[in-house]
Amino acid sequence: MSIVTLITDFGTTDGYVGAMKGVLYSRAPSVRVVDVTHDIHPHDIAGAAHALTNSVPYFPDRTIHVCVVDPGVGGERKAVIVVNNDQILVGPDNGVFALLAPRPQAAYEISEPAYRRDRPSMTFHGRDIFASAAAELARGGRPEDAGPQVVLRGRLSLESTTGAAVKVAHVDVFGNLITNLRKARIPKQARFRVAGRDIASLSKNYENVGEGELLAYIGSRGTLELAIRDGNAAESLGASRGTVVEIISPPGESTI
Amino acid sequence: MSIVTLITDFGTTDGYVGAMKGVLYSRAPSVRVVDVTHDIHPHDIAGAAHALTNSVPYFPDRTIHVCVVDPGVGGERKAVIVVNNDQILVGPDNGVFALLAPRPQAAYEISEPAYRRDRPSMTFHGRDIFASAAAELARGGRPEDAGPQVVLRGRLSLESTTGAAVKVAHVDVFGNLITNLRKARIPKQARFRVAGRDIASLSKNYENVGEGELLAYIGSRGTLELAIRDGNAAESLGASRGTVVEIISPPGESTI
Amino acid sequence: MSIVTLITDFGTTDGYVGAMKGVLYSRAPSVRVVDVTHDIHPHDIAGAAHALTNSVPYFPDRTIHVCVVDPGVGGERKAVIVVNNDQILVGPDNGVFALLAPRPQAAYEISEPAYRRDRPSMTFHGRDIFASAAAELARGGRPEDAGPQVVLRGRLSLESTTGAAVKVAHVDVFGNLITNLRKARIPKQARFRVAGRDIASLSKNYENVGEGELLAYIGSRGTLELAIRDGNAAESLGASRGTVVEIISPPGESTI
């Protein structure tokens, strides 16, 4: 009774996601299909990479995660199955797996007929290759039987971290500004500055500050985030992915 | 094979809901997770309360309903399990259960380690406490083993009903204006007025009036609603939650 | 363990879809409910017809597909069960099934009490009739036991195909322009014109053209589509459902 999760930028109105689910249930009747999201911004590979990072680690081992954000569909990028930390990832080799699985155990191209629908279309590999491959895996098919082993070539242009500043890597649904700076790298007693606004210290939670106030805290991913209590920081500050967050250390303490 | 339903204001794009589902399937492998909605307006406790009221009563007994609209996460509000009419509710004690369960059979704080993830984050109790508690309940854990019994303190500032007027309690996806005024309390032959527009009588259904006309009727919840046939009443009338609806009784008949 | 798929225009925030799922799980405890979409534009019968066409054919035989886009709820249109190609469709007879099932094997009115909730509301047949009928079918009930056989009366005003032009039948989430013109009807070496822009030939896939360029191709449904690579054709061209696409044949070759 394998679990297959789905992350796409298809929305749901067109029925494309429905087609993928139909292929899964037709080929692997006892599969359990779990929606993670279909609302990734169209072609936003970095956004899909974040959604994978936030969700995949919490699923049981051997869960199959299908991620179809695939602007290059039908082109040169390979369709792949990636084995990483006892989880199985299925999708295009376009960088979408680079954040979650920078050094995967193995990756295989999906080329064997059993892992694909007959005569796959050139524009809908979500249905004809990725859902089909996930169904074969859910039925007990092995990743290494899908095709030749490959080295992943997709890269994600992650925002750089330089000196005493990081960039916002993701804005979430609440308008919170999420960075990839891990807690251990933040100097004790650091202050923060974003969009001309200063934050004196890290807070434990939203209620450490007054309503409408800006705060910095360690988010549920273990990295630095900035938010406005009961508000939307991205809107209020005009911040977005790429906005610089300065980390200001007290004199005598080393910077990040 | 317990059912766990989910109501959140997380949207799906960030993968936060995916994380909750991962925790549920990891801790209770045979659970069935049912999405009710993840599109509650951020921090809209009243909106979540309505979604609970519209959906919970139709599920089988012993269904576990998780509702995470939680602007005070990490603060003083308690995380609770509520037993009400043979259903089990899981979420923050911030008023979200006040409409569905004004007088629940019992409520318990979620404090026992078996009902929480180790070292829960301060900002994502949806994953670290509520999904975890729901999983423990789905595995057969009892509400009374989650922690000490508590009295719910969360209140919902419901719109008042005074004299011959009610306020719109909710605007649904079609722009229909929904009130909490039950059918039995509406005088026979009553007329209605909203946003300067008059309605002569209750209609049985939308086709009782012409296209684009305003009507009043008893909605599927058994309360007074107002709508525009094939249109959007909220937009056309500039109405929203809190807009006053007058109930006008004929002379000699008592008012509500 | 029957599968029931859901297509509605309810959104999810109001909990209406949750109520339908509750009815399904209460009446058919082992059912598997699959969301196709709840984001059909309100009252967009043609949009729902497309979503059905894109998803239904990929599901296993005997899947039950519930489609509730029902502006005439409570009026004269009948609630029906339609048998088509070994699949079962449930919804209002308002044209929503005309694209997928122009000549169904049989259709039955839903009138028997076992297929409906007691005292159904006049405004929420999704919960009180359609979900209830689907649950009865999932439990093994037969379509022909739901009520008298009927002839479907609902029609869809499909965009016409005349001479050497077709109209856009659907705009998908990526802004791609989808027509109902099947590949076999397109002359070899045809050119295309839409919104004053010319396309010299059919492409195999998006990467046949440069970034930002307009292309014509055979989409995953087997019909002519137009798109802008890494862009949104509908927005860039100001095109929408009904926009004319000219098919220009070389001299001496017959037109469509």
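**Helix packing, sheet order and burial in the predicted model**

In chain A, helix α1(A) passes helix α3(A) in a right-handed crossing, a crossing being right-handed if the near helix is turned clockwise from the far one by less than a right angle, and left-handed if anticlockwise. The model is a predicted one, in which local features need pLDDT of at least 70 and side-chain atom pairs count only at pLDDT 80 or more, whereas totals for chains, interfaces and linings use all residues. Residues are numbered from 1 along each chain as its sequence is written, chains are lettered from A and ligands numbered from 1 in the order in which they are written, and side-chain values use heavy atoms, with hydrogens and water left out.

Helices α1 (residues 16-27) and α3 (residues 125-138) of chain A pack at an angle of about 35°, and their axes are 9 Å apart; helices (H or I, at least four residues) and strands (E, at least two) are DSSP runs numbered from the N terminus, while axes are lines fitted to C-alpha atoms, for helices over the stretch in contact, with angles running from 0 to 180 degrees between N-to-C directions. The contact (heavy atoms within 4.5 Å) involves A19(A), M20(A), V23(A), L24(A) and R27(A) on the side of α1(A), and G126(A), R127(A), A131(A), S132(A), A134(A) and A135(A) on that of α3(A). These residues divide into seven nonpolar, two polar and two charged, where Ala, Val, Leu, Ile, Met, Phe, Trp, Tyr, Cys and Pro count as nonpolar, Asp, Glu, Lys and Arg as charged, and the others, Gly among them, as polar.

Chain A also holds an open sheet of six strands with mixed pairing and the order β2-β1-β3-β5-β4-β6, two strands being paired if DSSP finds at least two bridges between them. Strands β2 (32-37) and β6 (106-109) of chain A form the edges, each pairing on one side only, and neighbouring strands are turned against each other by 20° on average, direction ignored. Strand β4 (residues 79-84) of chain A pairs with β6(A) in the antiparallel sense over four bridges, and V80(A) stands opposite E109(A) in β6(A). Helix α2 (residues 45-55) of chain A packs on the sheet, where it touches β1 (3-8), β2 and β3 (64-68), and its direction makes about 150° with that of β1(A). Helix α3(A) lies across β1, β3, β4 and β5 (87-92) of chain A and runs at about 175° to β3(A).

In chain B, six of the six residues of strand β1 (residues 3-8) are buried, so this strand is largely enclosed by the rest of the structure; buried denotes under 20% relative accessible area, exposed over 50%, and partly exposed in between (1.4 Å probe, protein chains only). I3(B), T5(B) and I7(B) point one way from β1(B), and V4(B), L6(B) and T8(B) the other way. Strand β1(B) runs parallel to β2 (residues 32-37) of chain B, to which five bridges join it, and the bridge partner of L6(B) in β2(B) is D35(B). K21(B), found in helix α1 (residues 16-27) of chain B, is buried, with a relative accessible area of 3%. Beyond residues up to four places away in sequence, K21(B) touches V34(A), D35(A) and F59(A) of chain A as well as L6(B), V33(B) and D35(B).

In chain C, helix α3 (residues 125-138) bends by about 30° at A131(C), the bend being the angle between axes fitted to the seven residues ending at a residue and the seven starting there. Since 14 of its 14 residues are buried, α3(C) is largely enclosed by the rest of the structure. Just after α3(C), G140(C) takes a positive phi of about 110°.
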